[in-house]
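This report looks at how the parts of a protein complex meet. Please keep the sequence and the structure open beside the text while reading.

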Amino acid sequence: MTKFEYAPAPESRAIVDIKSSYGLFVNGEFVEPTDGSMFKSVNPATEEVLAEIASAGAEDVDKAVQAARRAYERTWSKLSGRDRGKYLFRIARIIQERARELAVLESIDNGKPIRESRDVDIPLVAAHFFYYAGWADKLGYAGAGPDPKPYGVAAQVIPWNFPLLMLSWKIAPALAAGNTVVLKPAETTPLTALLFAEICQQAGLPPGVVNIVTGAGDTGRALVEHPGVDKVAFTGSTEVGKQIARSVAGTAKKATLELGGKAANIVFDDAPIDQAVEGIVNGIFFNQGHVCCAGSRLLVQESVYDDVLARLKRRLGTLRVGDPLDKNTDIGAINSAEQLTRIRELSEVGEAEGAERWSPECELPERGFWFPPTVFTGVSQAHRIAREEIFGPVLSVLTFRTPAEAVEKANNTPFGLSAGVWTDKGSRILWMAQQLRAGVVWANTFNRFDPTSPFGGYKESGYGREGGRHGLLAYLKGEH
Amino acid sequence: MTTLDDARSSLPDITSSEASLHRFLHGLPGVDQAGAEARAATLATRSIKTTAKQYAIDLAISMIDLTTLEGQDTPGKVRALSAKALRPDPSDRTVPQVAAVCVYPDLVATAVEALGGAHRTVKVASVATGFPSGRTSLAVKEADTRDAVAAGADEVDMVIDRGAFLAGRYGEVFEEIVAVKQAAGDAHLKVILETGELATYDNVRRASWLAMLAGGDFIKTSTGKVAPAATLPVTLVMLEAVRDFREATGRQVGVKPAGGIRTSKDAIKYLVLVNETVGDDWLDPDWFRLGASSLLNDLLMQRQKIATGRYAGPDYFTLD
C-alpha cells in the first residue's frame with residue numbers, strides 16, 4: 001500500500017435477528033393481517049429482500065384503533081403521570097441497551113450509514129423518550145392549564161427517512177400526555193418500528209397502548225380517516241399532508257403536519273468559512289439528503305462565491321459513498337428505487353433548465369440504489385431544482401449580494417421548515433432569525449436536533465410543532 | 001477585507017508594516033469553535049483496521065520526532081534515544097526509523113555523534129530560542145540557534161514570543177521569526193506557536209499564517225511544557241492554514257503536533273485528520289511530524305500485536 005486507504009470496517013449484522021415475516025402489532029401481540037396480504041421490505045444497499053411484512057387493511061386498522069381505544073379507557077388514561085413516566089423511562093433505557101441492534105437494523109432497512117444511525121438517530125431516539133418521560137408527571141406545568149387532558153387515540157403516520165427517530169417524536173409525547181397510539185411506519189422501512197413493538201412488550205407496556213400497523217398509502221389513509229381517531233400526526237410529503245388536511249377538515253380530529261422543505265443555507269462573506277463548508281455538507285448530504293429540513297438551497301454571498309465553491313468541491317472529494325454498514329461510510333444508499341428515479345428525474349430537469357451539474361469522482365456499488373453527491377451551480381430562483389423538494393443528495397447553489405436580498409430569496413419558497421445562517425456577526429444572526437420565515441433557524445451549524453427544541457414549519461411545510469414543551473401541547477387538550 | 005487571493009500577489013505588501021500585517025491577519029476567515037471541534041471529533045471516529053492500521057502505524061513511526069526535553073537529560077540518555085531512533089525495535093528489523101531525535105541545544109553534538117553515519121537519514125532537531133518560554137532577547141535567541149546549528153542540528157524548533165503575539169505586536173513576532181530563520185541558515189525552521197497559550201482558534205490561524213509568512217518551514221503546536229498541548233481541533237486549524245497558504249503562495253509548509261500524543265489510537269486520529277484535510281501531499285515525514293516521547297513504544301506494541309496476534313507487555317520494549 002502506498003497510500004493511506006481505509007480498509008473496510010463493516011459492522012456485524014449478526015446482532016440483529018430479522019424474521020422472515022412480520023405480522024401487525026395490535027393489542028400487545030403480533031397478529032396476522034385479516035386478508036393475509038403481505039409486501040416485502042428491501043435492503044436498499046443490496047436490493048436483498050429482508051422480510052415479508054403484513055399489509056394492514058381497513059379491518060386491521062379498525063382492530064388496532066379499537067385496541068388503542070380500550071387501552072386508553074381502561075388503563076392508560078387511568079394511570080398517574082408518574083406511572084406513565086416509569087414506562088417511558090423503561091422504554092428509553094431498553095433503547096439504550098439495544099442501541100447497537102437498533103442502529104444496525106436501521107441501516108440495513110433504510111440504507112443510511114451506520115455512523116449516523118449509531119451516533120445520531122438512536123441516541124436521539126433514547127433522548128426523546130427520556131425527555132418526555134420527564135414530562136409525564138408534570139403536565140400541569142406545560143402551559144395548557146393546571147390539569148390538561150389527552151385527546152385519546154392518536155393516529156400517527158411517519159416517513160422512511162428517520163424511521164425510528166420519527167417514531168420517537170410521535171410516540172414519546174403522545175404517551176407522556178396520556179394518549180394511546182396507532183402508528184403506521186413507511187412501507188420501505190417498517191423493521192425498526194416492529195423491533196420497537198418488541199421493546200414495548202419487553203417493557204411490559206399495557207397491551208393496546210402502542211399499536212403498529214404496517215402497509216402503504218391505503219393503510220395510512222384508512223388510519224387517518226378512521227372515525228375512532230382523535231388526533232392525527234403526520235410527517236411526510238406535502239402532497240399527502242394536503243390530503244390528510246382535507247380529510248381531517250370538518251371533523252373533531254386535531255392534526256399536526258410536518259411536511260416538505262426547501263431550506264436556504266445562507267453563507268455571508270465573514271463566515272467561518274471552513275466550518276461553513278462543513279455545515280453545507282452536513283446540511284444537504286446528511287442522510288443522503290433525505291431530510292425534510294435539509295439545506296438544499298445554498299445562498300452564497302457573491303464576494304466569497306469562488307472560494308466557497310472551491311472549498312466545497314474539494315471537501316466533497318473526500319466523502320465516502322458506499323456500504324451503509326461500513327463505519328467509514330459518509331453517504332449510504334438511496335432508500336428506494338422509486339426515490340432514486342425521482343432524484344434522477346429532477347437532476348435531469350436541472351440540467352435541461354441550464355444549471356451546471358457537478359459530482360466528485362466516486363465509484364458507486366453495482367447493486368442497490370445509489371446517487372452521487374451532486375452540486376448544481378448557476379441556479380436561479382425560477383429553476384425547478386430551486387423550488388421543489390428533491391429529497392436526495394442534490395445541492396442547488398445561488399448567490400446574493402446584500403443581507404436583504406438573502407432574506408428575500410430565502411423566503412421566496414412555498415416552504416418554511418428551516419434555514420441556516422453563517423456569519424461571524426452576532427447581530428446579523430439575530431436580525432436574520434427574525435426575518436426568515438422558517439420554523440428552525442440554525443446559526444453557524446445545521447441539522448442539529450434536540451428533544452427540548454420544538455420543530456415544525458411555516459406555509460407548505462405544515463403546522464404544529466414536535467419536540468419540546470410545544471410538542472407535548474400538540475397532544476393535550478387544555479387552555480392553550 | 002484582505003482575501004487569500006490578495007496574498008498570492010502581494011506577500012511583501014502584507015508584511016511591509018505592522019498595520020498591514022495586522023489587517024491581513026485579522027482579515028483571515030474566522031474559526032467557529034464549536035464547528036472546528038465537531039469536525040475534529042467526527043474524524044476521530046474513523047475506524048482504521050487491518051491493512052490500513054498496519055500502514056498507519058509504520059507511517060506514524062516514520063514521522064516521530066523522538067524527544068527528550070528534560071532538565072535532567074544526560075549525554076547517556078541522548079545516546080540511548082538515538083540508538084532507539086535508529087532501530088526502534090531491536091527484535092524486528094522491518095520497523096522503520098523515526099524522523100528525528102529532538103533535544104536541547106547543548107546535547108545536539110551528542111546526538112549527532114550517537115547517530116554517526118545514519119545522521120541525516122535520522123535528523124537531529126534542537127529546540128533553540130530560549131525554549132520553552134522564549135522570554136529572552138532576540139540576540140540570545142539568535143545565538144542559541146547558531147549554537148545548535150553549529151553543533152550539527154538539521155532542524156531548529158523555535159518558540160514564538162506569545163506575549164508579543166497576544167499584545168498584538170505581530171510585526172515583532174514576524175521579525176523575530178525572520179531573524180531566527182536567518183540564523184538557522186540551511187537548517188529547517190519549525191515554529192512553535194504554543195497553541196495552549198494562544199487560547200482561541202482564531203489566534204491559532206493567525207499565528208500559523210504569521211509563521212508561514214515569516215518563512216517557517218514547519219508550524220508546530222506546542223513545547224509540550226504547557227497544557228493543553230497538541231489537540232485535534234488545533235491541528236485541524238493549522239492544517240487548513242498550510243493548505244490555504246500553499247494555495248495562495250505555492251509554498252508547502254509542514255505541520256507538527258507535539259505533546260500529549262501517547263497512544264497509537266491518538267496518532268492514527270492525527271493521520272486521519274491529515275488524510276482528510278490536506279491529503280496525500282502531507283502524509284510524509286517531510287511534511288508531517290509527531291512530537292512525542294512515549295508514543296513510540298505503544299506503536300511498537302500495536303505493531304507486534306498485528307504481527308503475532310498477541311500483546312507483549314511493556315517490558316518487551318526498550319525504555320529509551
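## A salt bridge between the chains

The side chains of B:Arg39 and A:Glu278 meet in a salt bridge, with 3.2 Å from N to O, where a salt bridge is a side-chain nitrogen of Lys or Arg within 4 Å of a carboxyl oxygen of Asp or Glu. Between chain A and chain B the count is seven salt bridges, and the count of residue pairs in polar contact, both at pLDDT 80 or more, is twelve. A polar contact is a pair of N or O atoms within 3.5 Å; within protein, one must be able to donate a hydrogen and the other to accept it, and residues adjacent in sequence count only if both atoms are side-chain atoms.

## How the model is described

This is a predicted model, in which local features need pLDDT of at least 70 and side-chain atom pairs count only at pLDDT 80 or more, while totals for chains, interfaces and linings use all residues. Residues are numbered from 1 along each chain as its sequence is written, chains are lettered from A and ligands numbered from 1 in the order in which they are written, and side-chain values use heavy atoms, with hydrogens and water left out.

Chain B averages a pLDDT (the predictor's confidence in each residue, from 0 to 100) of 95, and 97% of the residues score at least 70. For the complex, the predictor gives an ipTM of 0.94 and a pTM of 0.95.

## The contact between chain A and chain B

Chain A brings 27 residues to the contact and chain B brings 32 residues, contact meaning heavy atoms within 4.5 Å. The buried area, which is the accessible area (1.4 Å probe) that two parts lose on being put together, summed over both, is about 2500 Å² between chain A and chain B, and carbon and sulfur atoms give 49% of it. In chain A, the residues that lose the most area to chain B are A:Phe4, A:Tyr6 and A:Gln275, together 27% of what that side buries.

## The two domains of chain A

An automatic or database domain assignment divides chain A into domain 1 (13-259 + 461-477) and domain 2 (264-443). The contact takes 28 residues from domain 1 of chain A and 28 residues from domain 2 of chain A, and the area buried between these domains is about 2400 Å², with 57% from carbon and sulfur atoms.

Between domain 1 and domain 2 of chain A the count is one salt bridge. A:Asp330 forms a salt bridge with A:Arg115, and their closest N and O atoms are 3.0 Å apart.
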